[in-house]
Amino acid sequence: MLKATSVLVGLLLSISVVAGELSVSLRQVDGQAMPNTVVYLTAKDPATLSATNTISDKSAIMDQIDLQFSPHILVVQTNTRVRFPNSDSIKHHVYSFSPAKTFELQLYKGLQANPLLFDKSGIVELGCNVHDWMLAYIQVVDTPYFGKTDAAGQLQLSVPDGEYQITFWHPRISQEEKQLSQSISLPAQQHFSLNLTNPLLPDLSQYEQHQGDFSEYE
Amino acid sequence: MRRSSLQRRMALIFLLLLITIVIVTVVFVWRATYQHSTDQLQGHIKTSASVVTDKLTNTVSAMRSGLETIAKDFSLKQLLAGAIDDQKSLVSAMENFQARLETDEFWVLDGNRQTLVSSLDEVTIEGTAVDDFAQSGIVWFAGKDNYYLVQAVPVKFVESSVQVNGWLVMGMAASRLIGDELVGLTGMQISVFHAQSQQVISSTFSADKIAQLKNVSLHTETGLHEFALDGVDYIYGVNTLGALQGTPVYSVLATPTDSAYLSNQTLLIQLIIILLVAALLALVAAIYMSRSITRPLQDLIDIAKAISKGQYVGQFPQSNTKEVSTLTVAINDMQNGIIAREQEIHQLAFYDELTGLPNRLQFTQYIEQQIIQTPSQKLIILTLDVDRFKEINDTISHEMGDELLVMIAKRLGQLNEHQPFCARLGGDEFGIVFSASSLLSASELAAVVVALFDLPFSIQGLNLDIDCSIGVVVYPDHGRSQQELLQCADIAMYSCKEQHYRFAYYNSALNKHSVMRLSLMSELRGALQENQLQLFYQPKLSLHDNQVHAVECLIRWIHPQHGFIPPDEFIPLAEQTGTIRHVTHWALNTACAQLKTWQQAGTTLSAAVNISALDLVDMQLPTYIATLLTQYQLDPERLVLEVTESAVMGDPQNALKALNTLRSMGIILSIDDFGTGFSSMAQLKKMPVHELKIDKAFVLELAKSEDDQVMVKTLVALAQNLSLDTVAEGVEDFATLEFLREINCTKVQGFYLSKALNADNFNHWLAQFKAGKQVL
């Protein structure tokens, strides 16, 4: 507990030392706001990077509600433990064959499975072996500076000054890598906006509609 | 051009008609059945093609649904996710699935379409090909030696993800798909053909035929086509059956042409056989029918030919055909008509209409036939001529004359017991032939005939005593031919008439005379041209001065064979035939020429030429004489024309006209043979003549006969009273001459002076006479 507190303090300290607000805006090719998109910044300075990595012990939840994963997209920092509760009254069989995290969980109603540690950065694609339509992504990032755009395509992040690489990800975005991952300098660029030049990939299962307001799960 | 018979023509028309019907029927039926067969075959191929397509589509669907199921299998996803470390488990699982789906080959590709594992290591699937395979439908894939029907499905670790994490591809060998089962189902040979590469993907044909099939350029359009494989003709249809590398693949359904049209051709053959049999039967019927028509026609033709040869036919063919029986009746009528007309003609030709007796033609034919049939048998032939018939005709009437002839014919009928053949030969002439079988002799028979005329003929109340002249000849005594015999009979008959016997036998003396007469007639004109005729000159002595001032020209014919022919014999003939004109012209011409000669010699003479009655009515005679006088430059009075008394009296009016014309020309005219012709004094008075010649009948005996002296004295006195000169001819002695001188006759001529002499002799005689050497 002490250790956890010290980490939190250290984090708070560092933030307090170099705190700065970054405002990110993401728009689709037709000018509409692009919501629910993962945005994260990785420090180019290795010191900063290592400093951020030290902070661990975080946790997150990927629930299953009404035969859907919730949330659809989850962003966590490496070494975050993610719990997989089952809010449905039926059995789910959650799995991933993604290299970042391969696992398989038989989830029964009321059974509290042990949280899984996501220690490798990358995208983990989740499915349910019982219900083919269930799909969720867990983006594991090597940075504490991440978030998802809101319904207006906006994201506010507190990031210390420095040089970063800002990266966007959403399963429906099909954009060139260099556009989705750009350099950013803070506090010089406190407002970063990106307009997608390619149309979105088709929405296979209307996850957005299904889940209503994404922000509900933030 | 050879004419074809009716029968042949009818049979030919029937045959042509039948052939036409047969051909048309066969063509139509064959076309209909062919069209039907073709439609059926087309339908069959279409159905078969859909069977094949359905089978493959079903196979593809089954394979696809199997693959889709497998792709969702969690364990497969696990194996695929762990394939990098553990390929064997994946292969093993795939083999298991393959067995489950009954496919032949499999390929597993990763998310980047790189082959992870495969049942066929040597065949890799290109990344993009997977997209083709992933389409549902028939997709073909070319392996190394084999073709496959393939399907591919993506594997997603999370089904709803857009991320494709791998591909499952399975293939079924084409050879396994296209096999006997389909052949059994469709009844056709099935091939799957890739047009672009000309490769056979699979076929139910044998290997040899498959090899050949690759070289066939297939018609891919719809419809039926044909090709030949290994010597067998096939009909085929083509349908698309998926694709290979994006280019179309076709199913080729083929069936041997023979089997396709077998039923059709069998039908055709049967049809042809039936129609041929029908045609044969119809032909036989046609021949029979045409025979039934033409046979009676042929019979009728034979009959017509027989009729044309003069044979009469009693039996006519029977026919139930209306036209033929009509024709039969017509020919029969024609024959009857011909017979009737022949009889009529025969009657007209061989019988005399008036008396009903046979005519001359039949009479002569009868004699000919008798001679031919029994040459040795004696025939007694009589020709009978009614005496004075012309007179009777003229006196009573022609009608009654005809009636008389009919009565004579009836009386001849009384001879029947002697079996005569009686005929009317023409006019009032009848002929009777007795064959020698008669018991009586020729003269007895002739007497019997004469006796027929003993009783008078009673015509319309008139009783006429009729005499007849009969000539009798006997075959073969008097002649051997009919012509000869009848000529002889006529000669005998005329001699009978002349001699006023009841009948006369022919004798050869009569004939000789007649025959020469006839031949002379034909020779006379030739004689004129050949100078057989000569003029002789007889002097006329003028009694008042005892000088010769005139001659009479007398014609002489020295015939090369017969010698001298007296004018009495040929002049009457010439008068009969009309040749006398030429004779007269010749005589005038010759006389004028002689007068000219004498005139040139200083001798003044006149010449007398006899002209006949015919010459007198020849209107050209004066013209001819004028021409001669001009030609020879003669005085007209040098020419004397002597005309017989009878010639003048025959046609006094025309004779007067002619004589007046001649007299007006200055020609001296003389009446010859005066005293014999019953001249009327009144007419004599009108005659424009200068002199009369007293016939020698009165002069020859003048010296002795007192009657003649009275007659001649009277005649001379008469002439003197009429101021006419007189010439006495036939003076043969001095006493006669002296008597004539006493009664003042003007001239004399006769043998006492000189007979007629030719020109040379006459000149000689005249010279001597003038010299006084001729004693009178």
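Predicted model: local features only at pLDDT ≥ 70, side-chain atom pairs only at ≥ 80, totals over all residues.
Biologist: In what order do the five strands of the open sheet of chain B stand?

Modeller: The order is S12-S13-S11-S16-S17, and the pairing is mixed. The twist averages 20° from one strand to the next.

Biologist: Why do strands S12 (420-426) and S17 (503-505) of chain B stand at the edges?

Modeller: Each has a single partner strand, so one side of each is left without a neighbour in the sheet.

Biologist: How do you know that S11 and S16 of chain B pair?

Modeller: Pairing needs at least two bridges. Strand S11 (residues 379-386) and strand S16 (residues 468-475) of chain B have eight, so they count as paired. The sense is antiparallel. B:Val386, for instance, stands opposite B:Cys468 in S16(B).

Biologist: Which strands does helix H13 (residues 398-412) of chain B touch?

Modeller: H13(B) packs on the sheet and touches S11, S12 and strand S13 (429-435) of chain B. Its direction makes about 10° with that of S13(B).

Biologist: Turn to helix H18 (residues 580-601) of chain B. How does its reach compare with the expected span?

Modeller: H18(B) has 22 residues and reaches 31 Å from its first C-alpha to its last. At 1.5 Å a residue, 32 Å is expected, so the reach is close to that value. B:Gly602 follows H18(B), with a positive phi near 90°.

Biologist: Why are some residues of H18(B) called buried?

Modeller: A buried residue has 20 or more other C-beta atoms within 10 Å of its own.

Biologist: How much of chain B counts as buried?

Modeller: Of its 776 residues, 34%.

Biologist: How many residues does each chain give to the contact between A and B?

Modeller: Chain B gives 11 residues and chain A gives 14. The chain B side divides into five nonpolar, three polar and three charged residues.

Notes
Residues numbered from 1 in each chain as written. Chains lettered and ligands numbered in written order. Contact = placed C-beta atoms within 7 Å. Nonpolar A, V, L, I, M, F, W, Y, C, P; charged D, E, K, R; others polar. Helix = DSSP H or I, 4+ residues; strand = E, 2+ residues; numbered from the N terminus. Axes fitted to C-alpha atoms, helices over the stretch in contact; angles between N-to-C directions. Buried ≥ 20, exposed ≤ 12 C-beta atoms within 10 Å, placed from the backbone.
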